[in-house]
Amino acid sequence: MVTAALRPSEVLVDETAIYDNVQHALTRLPKHTELFAVVKADGYGHGLLRTARVAQAAGATGFCVAVLDEALALRQAQFTEPILVLGIIEPAYAGIAAANHIAVPVGDRDWLTAASVVLTAAGTLPKLAVHFAIDSGMGRIGFRDAATLASAAEQIADSDQYTLEGVFTHFATADSPDDAYFKEQVAKFNDCLAALPTRPRYVHVSNSATSLWHAACHGNMIRYGVAMYGLNPSGRAIPTTPYELEPALSVVSRLSFTKLLHAGDAVSYGATYHASGDEWIGTVPMGYADGWLRRLQGFHVLIEGQACEIVGRVCMDQFMVRMPEPFAVGTKVTLVGRSGAAAITLQDVADYADTIHYEIACNLTARLPRRSVRPLA
Ligand SMILES: Cc1ncc(COP(=O)(O)O)c(C=O)c1O
């Protein structure tokens, strides 16, 4: 996708906020517990390399990504820290992971057998670092019982192809006020862990929510994702966090066109909106192709601190807002962030769109340039 550098719509990324969030998390961790920054999905829309660099400066000692390509992008940018891919990679690419010192998750013995064939064919390579994934109740990837896990450990015990670098699980309800299911998962993980003859270097169970609200079960590394970007992992379900999270992302644009409509004049596809009298309408050069969802019709943006309703359907590349006064073409429009005394958070957008802030942030497409504000020196 072409990045639209010559259009005034952009994502602003507050580097200092990310830095502070990482530092706050680190301050709470017991000694010898590491923080891996989760920078998958282009750093949750904030930019992969920028986010990785800031997290590294703040004390992150490794990275988690979702797919092998993201790990390779970090290596190509000269990041030398440990990197863990969180999703299962195809055995065919095991050699690429090994050659680039990228760790991968393993959730069954078949994967080890299949990747072993690939690694043998590839010839001399560094050992492939694997993290055993334990499915303690997430139902996504991983060993589901202690016996199979133990036999996988045996399978690679004397291997010259694999090294067991980690063991981990992922919680389904760490962001919920009800911790009954969470406790069941902890118990299952601990049972599985006990079946391993030796503990690998990394034992890790914590995403942001676990690190914030279940500090007792950190393991010795946390996979710190959404909180690094200043977002409460629970949405609004658990409103308080042990330290203040500073949101890092804003979305801004400028009015590209304005006009005065009269009673009955229609706006946008389907003519779903009609002016009820004289109304100033502004056009914002951004649309659902930028990730500003069509269902945000009826939501609002901020212009000079005033809420302006999104009227008519959001188009692919533009949408219209009703303005309390005739703001000039070129006037700043805040879609996410602060404007005067008012603010719109990603959570506000998510609430209106009936989804979670993770999805809104990740949906902001590559057509929107990312620009750092409050950059690290
Ligand atoms: C296995 C795993 N660990 C950690 C994370 C980070 O989660 P969060 O962004 O909620 O901190 C994710 C995110 O999806 C994940 O899948």
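Mentor: Contact means heavy atoms within 4.5 Å. Keep that for helix 10. This model is predicted.

Trainee: What covers the buried residues of helix 10?

Mentor: The cover includes strand 10 (249-254), strand 18 (332-339), strand 19 (342-344) and helix 11 (357-363).

Trainee: Which residues of helix 10 are called buried, and why?

Mentor: Buried means under 20% relative accessible area. In helix 10 (residues 346-353), L346, Q347, V349, A350 and A353 are buried, so each of them falls under that cut-off.

Trainee: How do you know where on helix 10 its buried residues lie?

Mentor: Look down the axis of helix 10. The buried residues fall within an arc of 160 degrees, so they line one face of the helix.

Trainee: What follows helix 10?

Mentor: D354 does, with a positive phi near 60 degrees.

Trainee: What makes strand 5 and strand 6 a pair?

Mentor: Pairing needs at least two bridges. Three bridges join strand 5 (residues 102-106) to strand 6 (residues 128-134), so the two count as paired. They run parallel. V106 stands opposite F132 in strand 6.

Trainee: What do the eight strands close into, and in which order?

Mentor: They close into a barrel, in the order 2-3-4-5-6-7-8-9, with parallel pairing. Neighbouring strands of this sheet are turned by 30 degrees against each other on average, direction ignored.

Trainee: Where does helix 6 lie?

Mentor: Helix 6 (residues 109-122) lies across strand 5, strand 6 and strand 7 (162-169). It runs at about 145 degrees to strand 7.

Trainee: How do you know how confident the predictor is in the protein chain?

Mentor: By pLDDT, which runs from 0 to 100. The chain's mean is 97, and 100% of its residues reach 70 or more.

Conventions
Residues are numbered from 1 along each chain as its sequence is written. This is a predicted model: local features need pLDDT of at least 70, side-chain atom pairs count only at pLDDT 80 or more; totals for chains, interfaces and linings use all residues. Side-chain values use heavy atoms; hydrogens and water are left out. Helices (H or I, at least four residues) and strands (E, at least two) are DSSP runs, numbered from the N terminus. Axes are lines fitted to C-alpha atoms, for helices over the stretch in contact, and angles run from 0 to 180 degrees between N-to-C directions. Buried means under 20% relative accessible area, exposed over 50%, partly exposed in between (1.4 Å probe, protein chains only). The arc is that of the directions from the helix axis to the C-beta atoms.
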